[in-house]
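Hi there,

Here is the structure I promised to pass on. My notes on it follow below.

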Amino acid sequence: MPNSNNHASLIDRAVQLAKRGTGMVEPNPRVGAVVVRNGEIVGEGWHRAFGGAHAEVMALNAAGVKSRGADLILTLEPCSAHGKTEPCTDAIIATGIKRVFFAMTDPNPVNGRRARDVLTEAGIEVVELGATPATEDLLKDFTAYMRGTLPWVVLKWAMTVDGKVATAGGDSRWISSEESRAEVHAERQRSDVVLVGRATVKSDDPMLTARTNGSNRRQPVRVVLDSGLHLDPAAQIVQTASEVPTWVFHCSGPEADDRRHALEAFQVRTIAVGTGDDGRLNLCEALQLLRREGLHRIFVEGGPTVHGAMLSQGLADWARVYISPLLVGGITAPSPVAGPGFQSLTEAVWLKDVHVRVVGDHGSDLLMEGRIGNHREA
């Protein structure tokens with residue numbers, strides 16, 4: 001085990017832990033934490049999921065009573081402000097940590113450079129070790145996010161091994177396994193928004209809620225992109241809009257007034273946005289509005305037209321693709337990404353930082369996920 005004076009190796013260990021949160025915590029920063037007492041690591045933690053406990057709290061919980069009089073080593077300055085969780089500085093003080101070492105200052109102006117004062121006032125020594133290439137790499141996405149105006153957008157789809165999201169006849173239930181669908185519900189719960197196009201609502205009539213174990217389920221805002229505001233008031237998401245927030249983005253125009261009033265009668269929030277260069281609903285404007293409303297993690301579940309627009313305009317950050325060992329064939333069977341596509345492989349979009357795993361202990365699906373290479377910031 002590294003000793004408490006070997007900060008370089010301890011930070012390296014914290015970086016390794018932080019990377020385990022890749023794809024799960026964004027737009028929050030990836031953070032790792034190590035608790036060291038008498039030269040031995042007694043607790044480790046990392047930020048595991050957006051909206052969940054931070055790395056500091058995870059490490060302190062793992063250390064338990066051994067945190068008293070120990071050192072806490074972090075890749076990033078501790079959280080000291082209220083957000084989706086309580087300030088981590090409160091937990092640090094309560095558990096009796098003696099010293100805190102961190103590599104980098106938090107670029108979030110709400111939190112940055114506050115932890116030192118809070119902890120010092122409580123009698124805890126605080127040392128900023130300085131950035132390393134590895135800790136800077138952990139923070140690149142978050143730093144860019146803090147400077148931009150767009151939320152973090154995750155595209156998700158399930159497809160057959162021959163790249164189809166439905167049969168030629170439109171049958172898509174269920175391409176993915178039960179284990180994969182359980183993961184999707186967990187992803188909905190940690191997201192602020194689940195977003196689809198009107199075509200998906202028309203074809204599938206989904207609820208788009210997070211159906212997970214436990215009574216304390218966090219439900220995302222359900223968002224539908226519907227340029228002409230033709231969403232059927234009989235759809236499940238309209239009928240349940242009084243129970244789960246449901247928003248519809250549409251293009252402005254007097255012809256939509258009657259349809260807007262019909263939806264608003266069910267407590268659907270209708271939001272008019274401009275048109276983009278393609279004459280369709282301005283996706284970038286809609287996403288910027290979501291972020292201004294405090295909605296930061298957007299989980300896009302399609303369909304192919306929405307995925308194609310997000311990709312072609314460089315508005316998506318991450319892809320989660322569930323691949324089933326199923327062959328359906330059919331030249332007219334839909335693929336997950338529509339639109340004009342890219343005309344050459346040199347223009348095509350690569351996934352970066354790719355992760356591949358089998359889903360579930362006995363699952364048959366593969367999950368491939370990674371960073372979408374053409375993301376642009378606005």
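For charges, Lys and Arg count as positive and Asp and Glu as negative, with His and the chain ends not counted; the place of a charge is taken as NZ of Lys, CZ of Arg, CG of Asp or CD of Glu. On that basis the protein has 40 positive and 45 negative side chains, and the centres of the two sets lie 2 Å apart.

Please keep in mind that this is a predicted model, where local features need pLDDT of at least 70 and side-chain atom pairs count only at pLDDT 80 or more, while totals for chains, interfaces and linings use all residues. Residues are numbered from 1 along each chain as its sequence is written, and side-chain values use heavy atoms, leaving out hydrogens and water.

On the fold, there are 11 helices and 14 strands (DSSP runs numbered from the N terminus: H or I of at least four residues for helices, E of at least two for strands). The radius of gyration (over C-alpha atoms) is 23 Å, close to the 21 Å that the globule rule (2.2 Å times the number of residues to the power 0.38) gives for 378 residues, so the protein is as compact as a globular protein of that length. Its C-alpha trace spans about 65 × 45 × 45 Å along the principal axes.

Of the 378 residues, 48% count as buried (under 20% relative accessible area, 1.4 Å probe, protein chains only). Ser176, in the loop between β6 (152-160) and α6 (178-190), counts as buried because its relative accessibility is 13%. Beyond its neighbours within four places in sequence, Ser176 is in contact (heavy atoms within 4.5 Å) with Ala158, Arg181 and Asp365.

Best wishes

Key
Buried means under 20% relative accessible area, exposed over 50%, partly exposed in between (1.4 Å probe, protein chains only).
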